[in-house]
Amino acid sequence: MEHRDDTRPLATGRRRHPSGTAAVAYDRDWAGEVRGAFRYATALLALLLCLDGAAGSLTWWRGLLWLLTALLLLLVLYPARVSAGRGWLASRRLGRTRRVRTDLLIAVRPLDGVSRRLVLRDALGNRVEIDPEVLVRNPDLWYRLDEGARHAETAGNLLTGTTALHSLARRVDRETALGVFRASGME
């Protein structure tokens, strides 16, 4: 029997507030990415140990070196956990959480490089760096960010990066529409 004040997570990656509104949105693919990072690190460790063992040069200190190498790969691949609520967006990495007030955004800057990043800055001096693909894959997160960014833009706080946000909005809308078409068989 389910009560009205039930706050169990929904399958969409959101938690219900007692009033029935979505309180916090999470990255739905985060757990799968963590499992993938562990798999890659484990596969690297197994490969290095097998190669070193086959060559006959495996010692305890070389095994420890390979373990440290695999742990380093795990740290590099470990994804940030992105969550968003009304007026905020947070990114949590191993041991550190960074939070930005989306309704007080002053700058949004895309960074191109090996991996694309989106840097968000608010009027309080907070800074969050996230992968824009997380927003594309999770419309709930995008909705929370867009809601706050529109408020900041209307208030005149958001001075830099509106073009980047608008192009990301078009991309999220396009991917969401394609997802709807795929689900309905109209692709």
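Me: Is Asp-52 buried or exposed?

Reply: Buried. Its relative accessible area is 5%, and the cut-off for buried is under 20%. Keep in mind that this is a predicted model.

Me: What does the side chain of Asp-52 meet in a salt bridge?

Reply: Arg-62. The N to O distance is 2.7 Å.

Me: And how accessible is Arg-62?

Reply: Arg-62 is partly exposed, at 24% relative accessible area.

Me: Which parts does the salt bridge between Asp-52 and Arg-62 tie together?

Reply: The salt bridge joins Asp-52 to Arg-62. Asp-52 sits in helix α1 and Arg-62 in helix α2, so the pair links parts that are ten residues apart in sequence.

Me: How do α1 and α2 pack, then?

Reply: Helix α1 covers residues 30-55, and helix α2 covers residues 60-77. They pack at an angle of about 160 degrees, with axes 9 Å apart. Angles over 145 degrees count as roughly antiparallel, so that is the label for α1 and α2.

Me: What is the handedness of the crossing?

Reply: Right-handed, where α1 passes α2.

Me: New topic. Which residues make the nonpolar surface patch?

Reply: Trp-60, Trp-61, Leu-64, Leu-65, Leu-67, Leu-68 and Leu-71. The patch is about 750 Å².

Me: Where is Trp-61, and how accessible is it?

Reply: Trp-61 is in helix α2. Trp-61 counts as partly exposed because its relative accessibility is 48%.

Me: Back to charges. How many salt bridges does the structure hold?

Reply: Twelve. One of them pairs Asp-103 with Arg-101, with the closest N and O atoms 2.8 Å apart.

Me: What about Arg-116, which residue does it form a salt bridge with?

Reply: Asp-112. Their closest N and O atoms are 3.7 Å apart, and the cut-off is within 4 Å. Asp-112 is exposed, with 66% relative accessibility.

Me: Which residues do salt bridges with shared partners join into one network?

Reply: Asp-27, Asp-29, Glu-33 and Arg-137.

Technical notes. Residues numbered from 1 in each chain as written. Predicted model: local features only at pLDDT ≥ 70, side-chain atom pairs only at ≥ 80, totals over all residues. Heavy atoms only, no water. Patch = residues over 30% accessible without salt bridge, like charges linked within 9 Å, V, L, I, M, F, W, Y side chains within 5 Å. Areas by Shrake-Rupley, 256 points an atom, 1.4 Å probe, with all protein chains shown as cover. Helix = DSSP H or I, 4+ residues; strand = E, 2+ residues; numbered from the N terminus. Buried < 20%, exposed > 50% of the residue type's maximum accessible area, 1.4 Å probe, protein only. Axes fitted to C-alpha atoms, helices over the stretch in contact; angles between N-to-C directions. Parallel < 35°, antiparallel > 145°, perpendicular 65-115°, else oblique. Left-handed = near helix turned anticlockwise from the far one by under 90°.
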